[in-house]
Amino acid sequence: MEDQVLGLVVKKERPDLEEQNQKLIVNVAQGKKTLTDLENQILYLLSSAKGSLLDDASLVDTLQNSKVTAEEVGEQLRVSETTKVEIDKARESYRPCAIRASLLYFVISDLTMIDPMYQFSLDFYFELYNQSIEKSRETKSEDLDERMKNLNNYHTSAVYRNICRSLFEKHKLLFSLQMCVKILQRAAKINNDEY
């Protein structure tokens, strides 16, 4: 769940990173497929070769071409891995938002233990999260930590407002308590033995 939400926030906040990540995944898959195809072609030519392997010109040409291609693909894969590390590092800076959003979703899904009527879909939640990202941009900050704080605060408030519309009055206080406790537990600001 956390990774799905991380993908959503990065896609909205840094579409360039998400696009680069998707291209990278495709390039790596294509490179690996090319290497597999070359290996299969070489194995086929080796198994169907008659006589001396060195006399078979097409086999020798294929081996030379495959060596060059394998080196190129290998270099592309090494560059891709380096780029992937950089992208993942940038994506991880948005992890606090993903953690909070994931935590809030599970608080919402636990509402079914109070009353089976309180069921909210994952699609509803993702839509709410996307709206939070868009609407919290009004207080957009250039500082990433400040932006994450604004997004977390806005989304927490939006979740509370939207979910409380569906709750019986007697369950609203319980819902707010559960939200607060889970947030404080995650921040290690609550003693679990006392709770």
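Predicted model: local features only at pLDDT ≥ 70, side-chain atom pairs only at ≥ 80, totals over all residues.
## Ground rules

Buried means under 20% relative accessible area, exposed means over 50%, and partly exposed is in between (1.4 Å probe, protein chains only).

Residues are numbered from 1 along each chain as its sequence is written, and side-chain values use heavy atoms, with hydrogens and water left out.

## Overall build

What does the protein have in the way of helices and strands? There are seven helices and zero strands, where helices (H or I, at least four residues) and strands (E, at least two) are DSSP runs, numbered from the N terminus. Read from the N terminus on, the elements go α-α-α-α-α-α-α. The radius of gyration is 26 Å, well over the 16 Å that the globule rule gives for 195 residues, so the protein is more spread out than a compact globule. For that comparison, the radius is taken over C-alpha atoms, and the rule is 2.2 Å times the number of residues to the power 0.38.

Along the principal axes, the C-alpha atoms fill a box of roughly 85 × 40 × 35 Å. Buried residues account for 36% of the 195. As for contacts (heavy atoms within 4.5 Å), take those between residues at least 6 apart in sequence: 67% of them join residues at least 24 apart. The accessible surface is about 12300 Å², and 53% of that belongs to carbon and sulfur atoms; the areas come from the Shrake-Rupley method with a 1.4 Å probe, and for residues only the protein chains shown count as cover.

## Charges and salt bridges

Now for the charges. The protein carries 26 positive and 31 negative side chains, and the centres of the two sets lie 6 Å apart. Lys and Arg count as positive and Asp and Glu as negative, with His and the chain ends not counted. Each charge is placed at NZ of Lys, CZ of Arg, CG of Asp or CD of Glu. Side chains of opposite charge can pair when their charged atoms come close.

How many salt bridges does a search of the whole structure find? It turns up 13, a salt bridge being a side-chain nitrogen of Lys or Arg within 4 Å of a carboxyl oxygen of Asp or Glu. One of them pairs Arg95 with Asp3, with the closest N and O atoms 3.2 Å apart. That pair links distant parts of the chain, since Arg95 sits in helix H4 (residues 95–109) and Asp3 in helix H1 (residues 2–13), 92 residues apart. Arg95 is buried at 16% relative accessible area, whereas Asp3 is exposed at 52%.

## Bridges within a helix, and a network

Asp37 and Lys33 make a salt bridge with closest N and O atoms 3.0 Å apart; they are four residues apart in helix H2 (residues 15–48), so about one helical turn separates them. Asp37 is partly exposed at 39%, and Lys33 is exposed at 53%. In helix H7 (residues 169–186), Glu169 and Lys172 are three residues apart, again about one helical turn, and their side chains meet in a salt bridge of 3.2 Å, N to O. Glu169 is exposed, at 62% relative accessibility.

There's also a network of salt bridges, linking Lys12, Glu13, Glu134, Arg137 and Arg147.

## A few residues worth a click

Is Asn150 buried or exposed? At 17% relative accessibility, Asn150 counts as buried. Asn150 belongs to helix H6 (residues 144–164) and touches Ser136, Thr139 and Ser141, not counting residues up to four places away in sequence. Ser102, in helix H4, is buried too, with 8% relative accessibility.

Back to Glu138: this residue lies in the loop between helix H5 (122–135) and H6. Its C-alpha atom is 26 Å from that of Lys89, which is 49 residues away along the chain. Most residues other than glycine have a negative phi. Ala188 has a positive phi of about 60 degrees although it isn't a glycine, and Ala188 is exposed at 65%.
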